Amino acid sequence: MTIELQILGSLLRAIAEEMGAVLVRSAFSANIKERRDCSTALFDERGRMVAQAEHIPVHLGAMPDAVAAVMAHDPQRGQVWALNDPYTGGTHLPDITLVSRTEAGFAVTRAHHADVGGREPGSMPADSRTLSEEGVVIPPTLLDDDAVARLVAQMRNPDERRGDLRAQLAAHRLAEQRVAELCAKRGKDAVTAAMDELHAYSERAMRAGIAQLPDGRYEACDVLEPIAGDLELRAAVTIEGDGVAIDFEGTSPQHAGNLNCPLAVARSACFYVVRVLVDPDVPASGGAFAPVTVTAPAGCLVNARPPAAVAAGNVETSSRIVDVVMRAFGQAIDVPAQGQGTMNNVTLGNERFTYYETIGGGQGACPGADGPSGVHVAMSNTLSTPVEALELQYPLRVERYALRLGSGGDGQHRGGDGVMRELRVLEDCRLSIISERRAHAPAGERGGAPGARGRNLVNGEPAPGKLTRELTEGDVVTIETPGGGGWGG
Amino acid sequence: MAILGVDVGGTFTDAVLLEDGRVSTGKVLTAQRQEESVLTAARAAGAREVQRFAHGTTVATNALLERKGARTAFVTNAGFEHLLHLRRQTRAQLYRPCADWPEPLVPLERCHGVHGRMGPHGELEPLDLASLPDVEADAVAVCLLHAYRESGHERAVADELRRRLPHARVVASHEVAPEFREYERASTTAADAYLGPVVARYLDALTGACAAAGLPQPLVMRSSGGVATPAEAAAHPATILVSGPAAGVVGASRIAALAGIEDAIAFDMGGTSTDVCLIAGGRAERASERAVSGLPIRLPTVDLHTVGAGGGSLVWRDAGGALRVGPQSAGASPGPACYGRGGTQATVTDANLLLGRLPQRLAGGVELDVAAAERALAGFDPAAVVDVVNAEMLHALRVVSVERGHDPAGFALVAFGGAGPLHACELAEELGMRTVLVPEIAGVLSALGLVAADERRDAVRSYLVPLAQAGELPREGEADLRYAGQSFELTVPLQDTLAEAFHRAHEEQYGFAERDRALELVAVRTAEVRRGPSLELPQAEPTQLAGPAVVELPGSTCWVPPGWVGARDGRMLRLTRA
């Protein structure tokens, strides 16, 4: 790579980072500001990702579908398009993605909004059966003032929604200005060449890494925990030379709950695993994932078709895809034990407020190290909302927040401990919990013990892993998150 | 009047003595005991009858990095004992599952809870001091929920601990960082308690040694860019974690002022790392939080952006074939290959030598070995090496300027540290900056900053109320404001039209304002400042120079590329694009 291109590449990455900083700092909801549940990226003219501010892995591989969906509408300079439809470029409804044209390619922001309408405050119902119950479905839509007004009117706290959308728009304005400056200064051809090279560079690095892995076909399965029974996930990983193919043949068909996800989410999870195992430092660009192909039968759990509900697919199924793909790779090379395998989604709200949080747990132990405790594993990495910020802003009180000592699995290296968080509601409101690993514990690796299963309680009484119900003032919700598996017997 | 500044760095201790308009400098190797290096450097600069002495130290930073502080306990509300270990639930590295954060300063077994609870608007459950367990430690950090505003319980717990443990150092969070967000406040309090005994011991020893040597009581540089008495620094040692780099920023702002320039960027490029800081209107930009050794420290600091690359950074090629520089460094030993001290790996300094930007022999007397540099750099183009490290520096300079809404074209670049003056002109050109200032004593500028530093005492008060209900505010200082419902703040200077100033700042930073939305006052920051000595440096008849030229300075070398011209006046080089 020439130095000129290398330097242009770092300037493009800097723009993506600056977009992220603007979005986080000017947003209104705790979910974007305090927890940073958002990502920003630049794409080239062909719709390939060239640089991303890395906040949330689940956004990583799923953005290209959003750009492709908008490109089909021939977007013009100066326009910003919005979408959240999981079946045309989205993931789940709360993630609203904006796409705009720049002088050379596209700018993209994706943010998890605290409410996008639908049946339940927070738009993360535990028991939805169709997409329309989960909120407003936005196909690729030109986002002008009228469209903003029309969309936020269908959501709770429209003021906050408008504020968050404006924060996303601010990031787009910045990207357009910065890319134009760069083209004016360095020439558009040089910028385009740098984008090509960013793509090619990551692909070279990733292929070099994959070529070191033993060729072969490796299979694994694991389960998800819908409201009743189990759903099966099956993955077959084929390593051949400097490429990897991952197929989900044999996975359960899409179900009547909301653990379904579009293939874009499955792709994100697969890319995460390959990146962890092959080259954690490779710059995030589409090229890094060019050597990885992901397939799944149409209509199965991880390649769902409308009108399947998907609220939990992005947060929970994505976590389990990581587990099952990691386990398949584990037959070829050493891999970490399973982490908590869930994001422990808790949504509280009424017509006056909506609050959403996800809670960290134990990371699975690695071949050479203990698993960290009380962190987000795999597809999420959002910050916790400070107790003081939460109590200032919402009618909620935190009663306890602690590590679940001893919940990590034993082994040569110990799994990380889970977390216990206890919230008291100070107003009547609705509660939704979407959590996993309440029935099946995170497994150890190479003889390591499993981590402890998670547990939910309402007023001290055991509650299911997936739950939507009414709470009255003074009720207490307790979430105990799973520990990570141990490594080595 | 004789004024002395001594800055202790990792490798060298620098002294600057300003006496009757004359400047003398000293540079000595840093010894195991910092107070000894301070006196040796002071002697090297020829200090005798000194009226004012200010000091920059790495004692606090080193104790934190090396985890050599006091045996510390942590006390908070029952049910939240693990606060320091839960952090903010993010993992240290996105794609390295088992990479962990640095170990918290207090182990779990010394984290305790007490019953009783404050809410955001007062007491929810009375304090039960009898529930406070026995605490065994040499230092205790106390951080109760909502004590940024409702400090009653926390005060009572701290009093009780001081009664029970008369010899321990007890710090309460509202005394050191009374701001909301409990983890960041607790982390700051824990660091403050943890560092207390170490820093107090050091400052006692230094004060004693100074008295014995006939030097006045040392003033200590804080991260804020102002100096304070040893007693004040010892009372809250977390305030001196970036003591030395802050002194460098002060030095840079004073050099800019001497040149009649108010807007500048301080660019301090050393051997292993580089610090940059924006100076606007003659004042260094400030931040209210900084991470040190992986721990958030919520205290006023000059807003330094630090990059892990400098003149000694190693050059390498990664798996994708890209040329990379740092973060590994050749350090002081063995140093760059061309120093001939056994280093065989290529560094940025070796590349500069092959490009003809360094003299054959450095001011300190080191002969540079061109053949060794060539061997080390085999397969690398030295111009490409400089381009790559410059790209890192450019990124840092953009972060503090462009990304914060300042066009660097209106700023001068003040370059110092051993390597800063070698790279400054090319960086300035890239950013459209027209002026570069290189102080004559670029190699010891931090010590000059100490000579000139103001005394400064910062205070912060949390409000968290609608701006309309805030009542009367101090006349001078800064306000942290946000739109009601936002959770990050913008800091604007206190003024009569505070609301409008916030809308404008929001518009500048984020491209929009919401003038109909209510504002919330989060905190007010004030500072009591006593101006430091005025800096009168000896001036010589200016000599003109034009690039390409290599200008040797004591402790550093300046590269003037073609197309740049300048004047050297005994105080600094002022370089401009022709």
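Me: Which residues in H6(B) do Gln34(B), Glu35(B), Val38(B) and Leu39(B) in H1(B) meet?
Reply: This is a predicted model. On the H1(B) side stand Gln34(B), Glu35(B), Val38(B) and Leu39(B). By class, the contact of H1(B) with H6(B) has six nonpolar, one polar and one charged residues. The partners in H6(B) are Tyr202(B), Ala205(B), Leu206(B) and Ala209(B).

Me: Are H1(B) and H6(B) roughly parallel or roughly antiparallel to each other?
Reply: The axes of H1(B), residues 34-44, and H6(B) come within 9 Å. They cross at roughly 30 degrees. Angles under 35 degrees count as roughly parallel. H1(B) and H6(B) are therefore roughly parallel.

Me: Is the crossing of H1(B) and H6(B) left-handed or right-handed?
Reply: The crossing angle is roughly 30 degrees. The crossing of H1(B) and H6(B) is right-handed.

Me: Which element gives the largest share of the side of chain B that touches chain A?
Reply: The contact takes 44 residues from chain B and 61 residues from chain A. On the chain B side, the elements that give two or more residues are H3 (83-86), H6 (182-212) and H11 (382-400). The largest share is six residues, and it comes from H11(B).

Me: How many residues of the side of chain B that touches chain A are charged?
Reply: Chain B brings 44 residues to the contact. Of these, 19 are nonpolar and 15 polar. The charged residues number ten.

Me: Is Arg400(A) buried, exposed or partly exposed?
Reply: Arg400(A) is found in strand S13(A), residues 396-404. A residue needs 20 or more C-beta neighbours within 10 Å to be buried, and 12 or fewer to be exposed. Arg400(A) has 18 inside 10 Å, so it counts as partly exposed.

Me: Which residue of chain B is in contact with Arg400(A)?
Reply: Leave aside neighbours within four places in sequence. In chain A, Arg400(A) is then in contact with Met420(A) and Glu422(A). Leu423(A) is 23 residues away in sequence and 7.4 Å away in space, C-alpha to C-alpha. From chain B, the contact of Arg400(A) is Gly79(B).

Me: Which are the edge strands of the open sheet of four strands in chain A?
Reply: The order is S12-S11-S15-S18, with antiparallel pairing. Neighbouring strands are turned by 10 degrees against each other on average, direction ignored. An edge strand pairs on one side only; here these are S12(A), residues 354-357, and S18(A), residues 466-471.

Me: What is the bridge partner of Val346(A) in S12(A)?
Reply: S11(A) spans residues 345-349. Four bridges join S11(A) to S12(A), and the two run antiparallel. The partner of Val346(A) is Glu357(A).

Note on methods
Residues numbered from 1 in each chain as written. Chains lettered and ligands numbered in written order. Predicted model: local features only at pLDDT ≥ 70, side-chain atom pairs only at ≥ 80, totals over all residues. Contact = placed C-beta atoms within 7 Å. Nonpolar A, V, L, I, M, F, W, Y, C, P; charged D, E, K, R; others polar. Pairing = 2+ DSSP bridges. Axes fitted to C-alpha atoms, helices over the stretch in contact; angles between N-to-C directions. Parallel < 35°, antiparallel > 145°, perpendicular 65-115°, else oblique. Left-handed = near helix turned anticlockwise from the far one by under 90°.
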